[in-house]
There are 4 protein chains.
Amino acid sequence: VKESYIKERTTIQANNPILIEGLPGLGLVGKIAIRYLIKQLKAEKVAYLYSPHFPYFVLVNKKGGVRLLRGAFYFVKTNGPNDLLLFTGDSQSQTIEGQYEIADTMLTFAKKHNVQVIVTIGGYRMEVEGKPKVIVAGTDEKTVNRAIQAGATVSENGSPIVGTAGLILGLARFQKIHALCMLGETRGYLPDPLAARSVIEVLQNLFGLPIDLAGIDTEIGKAEKIVVRLQKIEENQSAQAQETRKEEGKKTTYIS
Amino acid sequence: VKESYIKERTTIQANNPILIEGLPGLGLVGKIAIRYLIKQLKAEKVAYLYSPHFPYFVLVNKKGGVRLLRGAFYFVKTNGPNDLLLFTGDSQSQTIEGQYEIADTMLTFAKKHNVQVIVTIGGYRMEVEGKPKVIVAGTDEKTVNRAIQAGATVSENGSPIVGTAGLILGLARFQKIHALCMLGETRGYLPDPLAARSVIEVLQNLFGLPIDLAGIDTEIGKAEKIVVRLQKIEENQSAQAQETRKEEGKKTTYIS
Amino acid sequence: VKESYIKERTTIQANNPILIEGLPGLGLVGKIAIRYLIKQLKAEKVAYLYSPHFPYFVLVNKKGGVRLLRGAFYFVKTNGPNDLLLFTGDSQSQTIEGQYEIADTMLTFAKKHNVQVIVTIGGYRMEVEGKPKVIVAGTDEKTVNRAIQAGATVSENGSPIVGTAGLILGLARFQKIHALCMLGETRGYLPDPLAARSVIEVLQNLFGLPIDLAGIDTEIGKAEKIVVRLQKIEENQSAQAQETRKEEGKKTTYIS
Amino acid sequence: VKESYIKERTTIQANNPILIEGLPGLGLVGKIAIRYLIKQLKAEKVAYLYSPHFPYFVLVNKKGGVRLLRGAFYFVKTNGPNDLLLFTGDSQSQTIEGQYEIADTMLTFAKKHNVQVIVTIGGYRMEVEGKPKVIVAGTDEKTVNRAIQAGATVSENGSPIVGTAGLILGLARFQKIHALCMLGETRGYLPDPLAARSVIEVLQNLFGLPIDLAGIDTEIGKAEKIVVRLQKIEENQSAQAQETRKEEGKKTTYIS
């Protein structure tokens, strides 16, 4: 492991595949979306990406099993014109050069398997009210327009896209692969399945994916309960703090 | 993109060209100057410089189009003895080794195209009053003297030149290319077209470039209005702060 | 020394060896354990590991002798089915990439000498009361179970294992070597021979090592005396601080 | 300049040379000593060391001439059994790996020119009273003992030696070159020619160098005047601060 590399577990015959990527980032939008797609589409794990640019620790499971941080590719054979590759992982790279190298490694894998379009998923920081929008950017106007027709919108202020989700797009041109980035609006403090749901809906429209959204609605319900609980804790603390301040105010009055 | 490299978009036949470089830095002096030269001289974009040492994000335009951070070379065919190459970009390198590598990559390109002289442009921090001076440094006395005759001055305190503008000069010797660095005096807080103008004037004298300065004078006008507006905001804040302090002073008196 | 590498001092004929590793880390558990094993088993120093990723200083002994930071392999010829290799060193790597490179270098050495099992030793942060437990993790269930039968336990919360002790396990799979990590529970503030003792006991059971524990009990006694002394100093300081606060409380009363 | 390398300006015929090194560090002891030796021995500049691990700026002289940061080797042809090579430079490396690479590069040069002994010079932090001692460390006992006979002493507490002065010793073994490090005791806040003088004296005794110390005594005189001036400024400030505190003490009394 002196350089990032991909270890294939199975030989696959992918038919003009689409690759959808989502690593941990703002609101975990990308990782939540990909994990949901993997489960719903019963995708098969086909390859790992290892890199010395990931953080230097290993994960331990409940049985004491150990593994390196890594990314993983999953494969779905479809009846349509495009098979599906999904990618997620434990972490992004910790160094600048590692970010470029990992995005590069993924693209080499995509090219090898004749990937037609890459979609990267992430979060877009926003004080969201109501349903989160999906902000789209891409390597070419035609691909971006298809995403807009599927329900995404282009941002007017053009914030840069940081990390792997952005670099893959930037580098895709060199491999002549069309690529899109879809960012779900999120406050970004907590894992945000609602933002991931918005992205999945656009993906459904765009590629005609057969995805049942009931499961992610359950996740959203749970996430909302956590938020409500956290807000109550905060309100209590704030109320107590005010009470304390009042009390102290009285004391100060006595002193003066 | 495992190493910095240059991607040529067009094959050019450059006749003993001069290369003028200006990346983002103090007061954006270099970048403003180069962008103005590109516009005025109707230079053609001929090559890109990519590097894994640039920051790891991509830029998004208003149509949702995405691109990597990069530098770009522009070309101007002249009637004189020297054609012109211009270079600017989005960012400097984020690492020490990247700074050396990028300067090196630019010099290899310069050598390939038989560049005779390189001029790098930057800002020189100074509490400027009136017209900013242009501080010059160079690889050899003869080239520096030509710049002095064209209106530049040598600094007496000899501050080091940080970043690409400096390293290119340091490395140019190994390629046997004469090189100059021209630093426009600037306070450096805000984009400073006035400092860029001073540098362009020296370049005009030095190389007999046919540049109309009306456009940059408009930019200078706008920049000055911004400065005036910022100063007013600051004065108001300062006045308010003083007022507040007076008020609080009274209160304190009551309390004592 | 442009890359990490191993310099062998003696050619060894190791019979299906077990490699046990312990570098400086939490509570120095790994280093204390390995040093004790080296002494008790009269292990012979057979190879050094050098790396440009170690910190850039050299150590000086009392006679003014100087040496680079390094790791060292020790060898024990046994009568049993497995000979023993022990590894410890001055420091862990200071960079992410160095952590991967050093673990990789050690594994190449292990493979070359036909190592059957690797055990890495470290500390596990815990407010220990009584005898420290040994937390185990490993590359495969069978090896983990052997360690559990020898007295180790699996952690329920599955904290990641940071540094060389963890990465070696993560990378061992690629070399098809079974590997275990044993972490002695420790508060981690001070060198903790008691935690090291727990680990050594499990190793004894696991591999039938003939180790006399009297020596480490002496170390534990000394370490406990240091802790008691530090606690007294702390209590005194705390008592003084309280006293001071009381006194100041009185003064404040006078002032008001 | 993708890797550190040495550019020889002249071909030299060095007879069993001794190499003495001193880069900027604590109290600038090493650099001051080497510069004095260069001047006194009329050494000739024979080679440069360039590296992308030096800081990324260039130096500018009063005529506007520019150069990269670098190290430089100087040569002295002697009548004795050993010619002399001297090395100093503008800066140490800014990265761990660069520190190793630069020390390595110097050693390759030393080996090529058949260097017999290397001496590195630095500072040793100490609240010095009277004449600074010279602390010595080395690759082997015999070489250390020669230095002790020449007036140096071995430190009892064995502090590590940080940076190039230390790494060269650590790496010299691999090239089978004897090496010494001589550290002049210094408070380290300011350039310290007095500490450099102590080191030069030991070098004189050790190698029989014909060095007139009058020049460095002048430097020491100047340095002492600077220290006295700084102390007066400090005392004044301290006295003023006390005065202010007294005044404020009075005010507080009025208020209470």
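Start with chain B and chain D. Together they bury about 2200 Å², 64% of it on carbon and sulfur atoms. Buried area here is the accessible area, with a 1.4 Å probe, that two parts lose on being put together, summed over both. On the chain B side, B:Ile96, B:Tyr100 and B:Phe174 lose the most area to chain D, together 29% of what that side buries.

Some ground rules. This is a predicted model: local features need pLDDT of at least 70, side-chain atom pairs count only at pLDDT 80 or more, and totals for chains, interfaces and linings use all residues. Residues are numbered from 1 along each chain as its sequence is written, chains are lettered from A and ligands numbered from 1 in the order written, and side-chain values use heavy atoms, with hydrogens and water left out.

Back to B and D. The contact takes 28 residues from chain B and 25 from chain D, where contact means heavy atoms within 4.5 Å. How many salt bridges are there between chain B and chain D? The count is 0, taking a side-chain nitrogen of Lys or Arg within 4 Å of a carboxyl oxygen of Asp or Glu.

Which element gives the most to the side of chain B that touches chain D? α2(B), with 6 residues. Helices (H or I, at least four residues) and strands (E, at least two) are DSSP runs, numbered from the N terminus.

There is strand pairing too. β10(B) and strand β4 (residues 57-60) of chain D pair in the antiparallel sense over 2 bridges; pairing needs at least two DSSP bridges between the strands. B:Ile161 stands opposite D:Val58 in β4(D).

Now chain A and chain B. They bury about 2200 Å² between them, 63% of it on carbon and sulfur atoms. A:Ile96, A:Tyr100 and A:Phe174 lose the most area on the chain A side, together 28% of what that side buries. The salt bridge count between A and B is 0. β10(A) pairs with strand β4 (residues 57-60) of chain B, antiparallel, over 2 bridges. The bridge partner of A:Ile161 in β4(B) is B:Val58.

Last, the aromatics. The count is 24 aromatic pairs over all chains. Rings of Phe, Tyr and Trp (its six-membered ring) pair if their centres lie within 6.5 Å; planes under 30 degrees apart are stacked, over 60 edge-to-face, the rest tilted. D:Phe73 and D:Phe87 form a tilted pair, 4.6 Å centre to centre, with 50° between the planes. D:Phe73 is in strand β6 (residues 71-76) of chain D and D:Phe87 in strand β7 (residues 84-89), 14 residues apart.
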